[in-house]
Every structure is written in C-alpha cells, then in structure tokens.
Amino acid sequence: MKKILTVTREEARARVAAERKTAEYKVRMARLRDEDIDFSDAPEITEEDVAAGKVYMPGRGGARVGAGRKRVAVKKKFTSIAISFATAKLIRDKALEAGVTIDDFLRCRVA
C-alpha cells in the first residue's frame, strides 16, 4: 500500500525554492535548450487575457497595474542637519499650521 504524502501549498513552495538553490538544479537548467521545452499543453494567450490582467507579458511591468515605485517630479537629496529639539518642533508645528510638508515650508522660507 502506498503512503500518501500531503503537503500544504507553503511547504510545496518552500521545497521548490530550496531545490532551485541547489547546484544540480542550476546545471540542469543551464543545459536545458529551448527546443526541449514542451509548450503543447500551454493555453493560447490572447491580447484580451493580457488586457484583463489574467496574464502579463514580461517586460510590460508587474503582475498588477501600478506596481512598483512611482516616479517623483522633483528629485530630492536626503541630508541631515543638527538642530535643537525646540527648533525642530517649531519647524514641524509651523509646517502643520500652514498645511504643507516641512520640505515645502523650508523652501518657501529660505527662497
């Protein structure tokens, strides 16, 4: 009688991830040619499937619309300055009063 082995999806993914880290797997994948891959059982992918988000095409962004870090209009440089706690609190409070960010508040005051 065969023993049935049941694993959860997480366990199966962990096993596959562990296998992919082995040298044997990497060698096997390096030797695999495109001609050796059987795509006969793969379903036909239409432009409608891509547009509906059922599949995504490599090189066309992530699996969902808007994935990834957004571009910012203004490039910023992160820097630090040493000021007293009282001065920092004053700047923060004044920026909150004005309803703007600290960056915008300081830019208006300095310019």
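Is Asp93 buried, partly exposed or exposed, and what is its relative accessibility? In this predicted model, Asp93 counts as partly exposed, at 31% relative accessibility.

**View 1. Asp93 and Lys89 pair in a salt bridge.** The closest N and O atoms are 2.9 Å apart. Both residues belong to helix H4, where they sit four residues apart, about one helical turn. Lys89 is partly exposed, with a relative accessible area of 47%.

View 2. Arg33 meets Asp36 with the closest N and O atoms 3.1 Å apart. The side chains of Arg33 and Glu35 also form a salt bridge, at 3.7 Å from N to O. Arg33 is partly exposed, at 49% relative accessible area. Asp36 is partly exposed too, at 42%. Glu35, at 62%, counts as exposed. The structure holds six salt bridges.

**View 3. The largest pocket has a volume of about 450 Å³.** Its lining comprises 14 residues. Lys77, Thr79, Ile102, Asp103 and Leu106 lie nearest the centre. Helix H4 (85–98) and helix H5 (102–110) each supply at least two lining residues. H5 gives the most, with four. By type, the lining divides into seven nonpolar, two polar and five charged residues.

View 4. Along the sequence the pattern reads α-α-α-α-α. Of the 111 residues, 5% count as buried. The chain exposes about 11,300 Å², and carbon and sulfur atoms supply 57% of that area.

Methods
Residues numbered from 1 in each chain as written. Predicted model: local features only at pLDDT ≥ 70, side-chain atom pairs only at ≥ 80, totals over all residues. Heavy atoms only, no water. 1 Å grid on protein atoms, 1.4 Å probe; cavity = no way out; pocket = protein on both sides within 12 Å on 5 of 7 lines; lining within 4 Å. Points joined across faces, edges and corners; volume = space filled by probe spheres on them. Nonpolar A, V, L, I, M, F, W, Y, C, P; charged D, E, K, R; others polar. Buried < 20%, exposed > 50% of the residue type's maximum accessible area, 1.4 Å probe, protein only. Areas by Shrake-Rupley, 256 points an atom, 1.4 Å probe, with all protein chains shown as cover. Salt bridge = Lys/Arg side-chain N within 4 Å of Asp/Glu carboxyl O.
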